[in-house]
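Here's a quick briefing to read alongside the sequence and the 3D view. Take a look at the structure first, then work through the points below.

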Amino acid sequence: MMDFQTIAFLVGYYWPYMAGAGLVGVVIGWRNMALPKGEEART
Amino acid sequence: MIDLDHVLEIALLIAAAYMGGCAIGAAAHWALRSMRAAKSRASTPAPVVAFEATAVAEPTPPALSPAMRLAKAEPVAVEPVKLSAVRRPPELPAPRGVPDDLKRIKGIGKKTESSLNDLGIYHFHQIAAWEPAHIVWLEGRIAVKGRIQREQWVEQATLLLTELRAAS
């Protein structure tokens, strides 16, 4: 089980990767809201 | 060296960061859109159905027949006719074919038409050929003095004659 200490350590250590993932998520989320419905599914 | 025990934890944290970012991005976009919509609603006033007061056009006068138009025109001043020159207008013993509808002349009713027929006047060309001397002669008999000139019977008859000839 992850305890708070472990999580804090991992966040502190890997925060750049998490920030990057978060930014990607922001962009993806924003685009999903902006795009009309027909363009949502892209293969 | 990465501790393999924590790989899953790291992956979960990164995935959580990614999903958090998606949620933040979507929420930010939705918030911005709502703000813009509220702003545009506030800035643009409610469309007022502008009642374009169309210029009330003056009522067009009813189309007048040529005879009526002529009748409304200013009468031409006629020199007074000498009493000695007064004479009866040329008459016909009977109408040539179908008599013209003299009632089309404004001022001539059934009674006047009948009186004109009795005097041998059946057609527009006869009236169109009236001279002042004829008019003076007629005024004492079928019309009030000055009426024939005031209502321009001769001019009306000329116009109607032109119409008839154009139609035939």
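About 1,600 Å² of area is buried between chain A and chain B, and carbon and sulfur atoms give 83% of that. Why quote an area here? The size of an interface is often given as the accessible area lost when the parts come together. Keep in mind that this is a predicted model.

**Where the chains meet**

- On chain A, 18 residues are in contact with 18 residues of chain B.
- How many salt bridges does the rule find across the interface of chain A and chain B? The count there is zero.
- Polar contacts do turn up: two residue pairs make them across the interface, both at pLDDT 80 or more.

- A:Val24, A:Ile28, B:Tyr18 and B:Met19 make a nonpolar surface patch of about 350 Å².
- Two elements each give two or more residues to this patch: α1 (4-34) of chain A and α1 (7-43) of chain B.
- If you want a spot to start from, find B:Tyr18 in helix α1 of chain B.

**Salt bridges**

- Side chains of opposite charge can pair when their charged atoms come close.
- Over all chains, the rule counts six salt bridges.
- One of them joins B:Arg87 to B:Glu131, with the closest N and O atoms 2.4 Å apart.
- That pair links distant parts of the chain, since its members are 44 residues apart.
- B:Arg87 sits in the loop between α2 (66-72) and α3 (110-118) of chain B, while B:Glu131 is in the loop between α4 (124-128) and α5 (132-139) of chain B.

Definitions and conventions:
Residues are numbered from 1 along each chain as its sequence is written. Chains are lettered from A and ligands numbered from 1 in the order in which they are written. This is a predicted model: local features need pLDDT of at least 70, side-chain atom pairs count only at pLDDT 80 or more; totals for chains, interfaces and linings use all residues. Side-chain values use heavy atoms; hydrogens and water are left out. Contact means heavy atoms within 4.5 Å. Buried area is the accessible area (1.4 Å probe) that two parts lose on being put together, summed over both. A salt bridge is a side-chain nitrogen of Lys or Arg within 4 Å of a carboxyl oxygen of Asp or Glu. A polar contact is a pair of N or O atoms within 3.5 Å; within protein, one must be able to donate a hydrogen and the other to accept it, and residues adjacent in sequence count only if both atoms are side-chain atoms. Patches are made of residues with over 30% relative accessible area and no salt bridge: like charges are joined within 9 Å, nonpolar side chains (Val, Leu, Ile, Met, Phe, Trp, Tyr) within 5 Å. Accessible areas come from the Shrake-Rupley method with a 1.4 Å probe; for residues, only the protein chains shown count as cover. Helices (H or I, at least four residues) and strands (E, at least two) are DSSP runs, numbered from the N terminus.
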